[in-house]
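User: I have a chain open here and would like to talk it through with you. Could you take my questions as they come?

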Amino acid sequence: MDFPFIGGRIKTDKLTENICRNLNLELALKETSSWTKAWKNIETPLSEVKAVGLMGCYHLDYFTNQIHFAGHYVTIYGYDDE
């Protein structure tokens with residue numbers, strides 16, 4: 001990379017925590033390896049008209065290096081049964 005370069009690292013979820021704190025948004029963090037619990041953690045807030053953020057890249061089709069890395073965030077704001 002060309003200089004000057006400013007870079008760094010931050011702990012998982014810390015960036016999201018900082019953004020929510022600065023924007024005065026409510027943040028609830030939940031983690032599970034269970035698909036059933038994960039869907040419940042998504043479905044419940046969506047039924048209350050709340051957006052849900054997901055992080056990770058392991059299951060992204062376009063991500064060729066399948067590692068568990070929390071650098072990708074996606075926001076879900078609705079779904080259908082299909």
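User: Is Trp39 buried, partly exposed or exposed?
Analyst: This is a predicted model, and in it Trp39 counts as partly exposed, because its relative accessibility is 37%, which lies between the 20% limit for buried and the 50% limit for exposed.

User: How many aromatic pairs turn up in the whole structure?
Analyst: The search of the whole structure finds 1 aromatic pair. The partners are Trp39 and Tyr79, whose ring centres are 5.0 Å apart and whose planes stand at 85°, so the pair is edge-to-face.

User: And which parts of the chain does the pair tie together?
Analyst: Trp39 lies in helix α2, while Tyr79 belongs to the segment after β2 (73-76), so the pair ties together parts that are 40 residues apart in sequence. Tyr79 is itself partly exposed, because its relative accessibility comes to 41%.

User: Stepping back, what is the order of elements?
Analyst: The chain has 2 helices and 2 strands, and from the N terminus on they run α-α-β-β.

User: How much of the chain is buried?
Analyst: Of the 82 residues, 10% count as buried. The accessible surface of the chain comes to about 7800 Å², and 54% of that surface belongs to carbon and sulfur atoms. As for contacts with a separation of 6 or more, residues 24 or more positions apart account for 31% of them.

User: Which residues make the nonpolar surface patch?
Analyst: The patch, of about 670 Å², is made by Ile10, Leu15, Ile19, Leu23, Leu25, Met55 and Tyr73. Its largest share, 3 residues, comes from helix α1 (residues 14-23).

User: New topic, backbone angles: what is the phi of Asn24?
Analyst: Asn24 has a positive phi of about 55°, although it is not a glycine. That deserves a look, because most residues other than glycine have a negative phi. Asn24 is found in the loop between α1 and α2 (35-47), and with 72% relative accessibility it counts as exposed.

User: Where is Val49, and what about its phi?
Analyst: Val49 is found in the loop between α2 and β1 (52-55), and its phi is near 60°, again a positive value in a residue other than glycine. Val49 is exposed, because its relative accessible area of 76% is over the 50% limit.

Conventions
Residues are numbered from 1 along each chain as its sequence is written. This is a predicted model: local features need pLDDT of at least 70, side-chain atom pairs count only at pLDDT 80 or more; totals for chains, interfaces and linings use all residues. Side-chain values use heavy atoms; hydrogens and water are left out. Patches are made of residues with over 30% relative accessible area and no salt bridge: like charges are joined within 9 Å, nonpolar side chains (Val, Leu, Ile, Met, Phe, Trp, Tyr) within 5 Å. Accessible areas come from the Shrake-Rupley method with a 1.4 Å probe; for residues, only the protein chains shown count as cover. A salt bridge is a side-chain nitrogen of Lys or Arg within 4 Å of a carboxyl oxygen of Asp or Glu. Helices (H or I, at least four residues) and strands (E, at least two) are DSSP runs, numbered from the N terminus. Buried means under 20% relative accessible area, exposed over 50%, partly exposed in between (1.4 Å probe, protein chains only). Contact means heavy atoms within 4.5 Å. Rings of Phe, Tyr and Trp (its six-membered ring) pair if their centres lie within 6.5 Å; planes under 30 degrees apart count as stacked, over 60 as edge-to-face and the rest as tilted.
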